[in-house]
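Subject: Structure handover

Hello,

Here is the structure you asked about. My notes on it follow below.

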Amino acid sequence: MSGPGPSSRGPPKDQLERGSEPPVKRPRAVAPDFQLMRRPGYGTKGREVALVCNHFNVKFEPRMAVNHYSVSIRTSDERLLRSSVKRRVLESLRDTYGLRNFAFAYDGESALFVAGDLSFRSKEFPVTLTNRSDGEGQRARSSEDEARRRAGNEFMVKIDFATVVDMNAIAAVNRGERDSRAQDALRVLDIMLREHATKKAYILQRDCYFSPKFGPGANLQDGVEAWKGFHASFRTTQSGLSLNFDTATTIVIKETGVQLFMEEYCKKSIRQFTDEDFMKCKRILKGIMVMTYLNQSHKIIGFSPEPCSKQMFAMRRRDESGNMLDTEDISVAEYFARVKGIILKSPHLPALDVGRPKKPMYFPMELCTIVPGQRYKKLLNTSQRQGMIRQCKVDPEERVKMINSMMWKNEYNRDELLEAFNVVIDNKMTRFKGRVLEAPQLQFGNRVKEIPRNGRWNFNVERQMNQPAYTSRWIVICFKGRRPVDAKRIGNEMKGVASKKGMRFGDFELFEENDTDHQRKSPLQRVEAMTNRLRRTLVDGNGNPLPAHKFPFVLAILPEKSPDLYIPFKRICETKMGIVTQCIVPPNGGVNPKYLSSVSLKINLKMGGYNSILVGEDTKTLPNISKVPTIIFGLDVSHGSPGDANMPSVAAAVATIEWPKFSKYTCSVRAQEAKTEMIVGLHSEDTRDLGMVKELLNNFFSEARDRGRPDHECKPQQILVYRDGVSESQFDQVLDKELRAFKQACRSMQDGYNPRITFIVVQKRHHTRFFLDCTYKNVQPGTVVDKTVCHPRDNDFYLVSHAAIGTSRPTHYHVLYDEIGFTADELQMITHGLCYTYSRCTSAVSVAAPAYYAHVAAAHCRNFVDSSGSGSESVQSGAHARRAVDSLPQLQKNVLKKMFYA
């Protein structure tokens, strides 16, 4: 294996072999299977604090067997049925066949849990629904056909015994035992909550429930609004079974006429619609349920090709007895006028297609309204995101009131199903003791030190950076807009602020657009013109190409916060040219030293400097990781919006490049198949691809060698991984695939290379909240909890490291695997310290910086994914995977070694 360099593949084996091994704390062997570790102990550091949490203790003692049955509900025409219809069918079955004495917990799909035995293993039941109001299975042009109407109300239900669910497994887990059956038992309890919510006509979204009963919807513009609701789920904790209950907010499409929605969405009268406007509305409305004037609900699959006045279909003609005579071609508008007696006000508009792909069925959009409570799954625009943030930002005292109010309204202890399963829920929140860790001391330039207060620290214009960057040449680019901008003045002021922070900037070149370019050229044409101009500067005095390390830094001034210029500019600079850039949009009031000081933090990071570091990094006193060469990884995957089902996902891995410092990261990114959460590119057997882990380990080695480090410090002997974005149900997959990939990547670099690995999962999407006891205010930054509401067996803890706006949300850390051998205090203190090393800002962040940087890098590179053809669903899986990988253009090597995403 050749030594690292511009075309290297990895560190030389002889160099690796000469490195001295650190003291081994425990025997280490690469086991064929990795198991979730047990909690080794509890933390003791920090000041004790009294807390209250939105967990409600649950008394549950199973008094009879719970049987799991598989349910199949069919119709004669084999059509798909919604969950609401399936629930009505099952309720009718219970009434018709005398099964009301059994407690049913039904998930609305195929799983039925029954307290007791139904006395049969398999049985079919014919069921007929009466007085149906939703018109399931009916069509406007055949509503007079009574025989077909009856057939649409008839179902065949088959119930098969599946297994017995051991509800006692919950008690076993609460005692600290590992029992895989507990997940099935908890699922039964959670389905009871869904049944309870269904009876109250709440809208169900996974384990959250929404209703206008909890307050009017908040208008987010463009046809959508925010609804209030709650989250409820059962959890096993050290204090026993508990109900985690929290407020929740979702975005739904407004209950309004289809025509009114389209006008609000496009911000114009429908008379002014262009073909492009209709296409936008077609994309946004596809899959949405509408209620017709006949009180029938249907799903939109598209628009008619022609307007209602010209769209023809074959109408069946019948005699007085209802017998079919023949068919007649008739337009939609004429049909409604002649047959239904409805003169359309807008026959020039297309109709909604609510049929099937090969059997369309048309309804004029003016006769349809959107069914309430449908989740909006598309990407939010800037205005909607800001409105959503305002709705979610609830002060802690108000949140506690809302939680208690919703708990009282739900009346869980009066629910017959919960009572039948012997579930009793306490009506008071859980109280316990937590701890507040001291903030780590930070070090800036000139060895100035500071202990942050309330998660924040001072980085004014006069304070210098710990390791300021310098450049003899840089370029200011200005894209023109409606507002005039003095780009030369901004460049000079940026240079002055950077100088006060210790950065050394030479003179800059100014590239400005022509005054009319922004009016007559497309955004892509403007970017290409500017980057072509920039490309001509990447040569020396003799016209030879500059080496990458001599590329100038570029400050780009954009006219507005829009992806139109930003994305193509970043894509060309980072994937084709190898230039690191910083984009800014000057505020309306103009730039000031405070604004430019904030910008300088990002520039210094991108140019390879340090803004601030932990004092423990410099003094090598961080527990465990300062003793021997250690590399810290952050991992995350960015997926497309819920509406982009086939958009490739982007996985990012970042890793520290210098030891004993832990504030500078290099990056590796890969595209993978849509919605794939496990990172598939960590290790590769393909010689053309090193894999993300080996790539970043090589960067660490090269940097250490270039800095003249001794051989034993050139290879990491410990790896600490923070993995963002996986759920508890995926922990075993993480160990089996991702941890195994780390082990394989290390072995492939050198035989016997087996650094100790600690693997931690970072979770932000949960609903556990902490409040100060008595006052119900936010907890202080540094609050850590590893008792009472934590897992009774597994090694996890909650940490609030930041000062929150609204109610603070703790980050939940799960230590899946620990070969390094951290104590609880050591790992909690290191994680807390890393939250202060996110150098883009002057406050502690809510998650450990490696995971945060990985999240930002993955989201940044999502902008570069080629989405062409992503809507096709007929591609074979192998080709689909290859296309996903090829959809992300390769970033230049010198860019990947910089914090370009900062």
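Two strands are taken to pair if DSSP finds at least two bridges between them. Helices (H or I, at least four residues) and strands (E, at least two) are DSSP runs, numbered from the N terminus. The model is predicted, so local features need pLDDT of at least 70 and side-chain atom pairs count only at pLDDT 80 or more, while totals for chains, interfaces and linings use all residues. Residues are numbered from 1 along each chain as its sequence is written, and side-chain values use heavy atoms, with hydrogens and water left out.

Strand S30

S30 (residues 630-638) runs parallel to strand S33 (residues 718-724), and six bridges join the two. In this pairing Phe-633 is opposite Val-721 of S33. S30 also pairs with strand S31 (residues 649-656), in the antiparallel sense and again over six bridges. There, Asp-636 faces Ala-652 of S31.

For accessibility, buried means under 20% relative accessible area, exposed means over 50%, and partly exposed is in between (1.4 Å probe, protein chains only). Nine of the nine residues of S30 are buried, so the strand is largely enclosed by the rest of the structure. Both of its faces are covered: Thr-630, Ile-632, Gly-634, Asp-636 and Ser-638 are buried on one side, and Ile-631, Phe-633, Leu-635 and Val-637 on the other.

Four strands form an open sheet with parallel pairing, in the order S26-S24-S27-S28. Strand S26 (508-512) and strand S28 (581-584) are at the edges with a single partner strand each, so one side of each has no neighbour in the sheet. From one strand to the next the twist averages 20°. Axes here are lines fitted to C-alpha atoms, for helices over the stretch in contact, and angles run from 0 to 180 degrees between N-to-C directions. Strand S24 (residues 474-478) pairs with S26 in the parallel sense over five bridges, and Trp-474 stands opposite Phe-508 of S26. H16 packs on this sheet, where it touches strand S27 (553-557) and S28, and its direction makes about 160° with that of S28. Contact means heavy atoms within 4.5 Å.

H16 (residues 593-606) also packs against helix H12 (residues 487-500), at an angle of about 70° and with the axes 9 Å apart. That makes H12 roughly perpendicular to H16 (angles under 35 degrees count as roughly parallel, over 145 as roughly antiparallel, 65 to 115 as roughly perpendicular and the rest as oblique). H12 contributes Glu-493, Met-494 and Val-497 to the contact, and H16 contributes Pro-593, Leu-596, Ser-597, Val-599, Ser-600 and Ile-603. By class, the residues in this contact are six nonpolar, two polar and one charged. Ala, Val, Leu, Ile, Met, Phe, Trp, Tyr, Cys and Pro count as nonpolar, Asp, Glu, Lys and Arg as charged, and the others, Gly among them, as polar.

The antiparallel sheet

Three strands form another open sheet, ordered S13-S12-S19, with antiparallel pairing. Strand S13 (297-299) and strand S19 (368-370) are the edge strands, each with a single partner, so one side of each is left without a neighbour in the sheet. The twist averages 40° from one strand to the next. Strand S12 (residues 289-292) and S19 are joined over three bridges, with Thr-292 opposite Cys-368.

Individual residues

Asp-818 is in strand S38 (residues 811-818) and counts as buried, at 8% relative accessibility. Its side chain makes a polar contact of 2.5 Å with the side chain of Thr-758. A polar contact is a pair of N or O atoms within 3.5 Å; within protein, one must be able to donate a hydrogen and the other to accept it, and residues adjacent in sequence count only if both atoms are side-chain atoms. A polar atom of the Asp-818 side chain also lies 3.2 Å from the backbone nitrogen of Ile-820.

Most residues other than glycine have a negative phi, and most peptide bonds are trans. Arg-206, in the loop between strand S7 (203-205) and strand S8 (208-210), has a positive phi near 55°. Arg-206 is exposed, with a relative accessible area of 72%. Asn-422 has a positive phi of about 65° and sits in the loop between helix H11 (416-420) and strand S20 (423-436). The peptide bond from Trp-659 to Pro-660 is cis, with omega near 15°; Pro-660 is in the loop between S31 and strand S32 (665-672).

Regards
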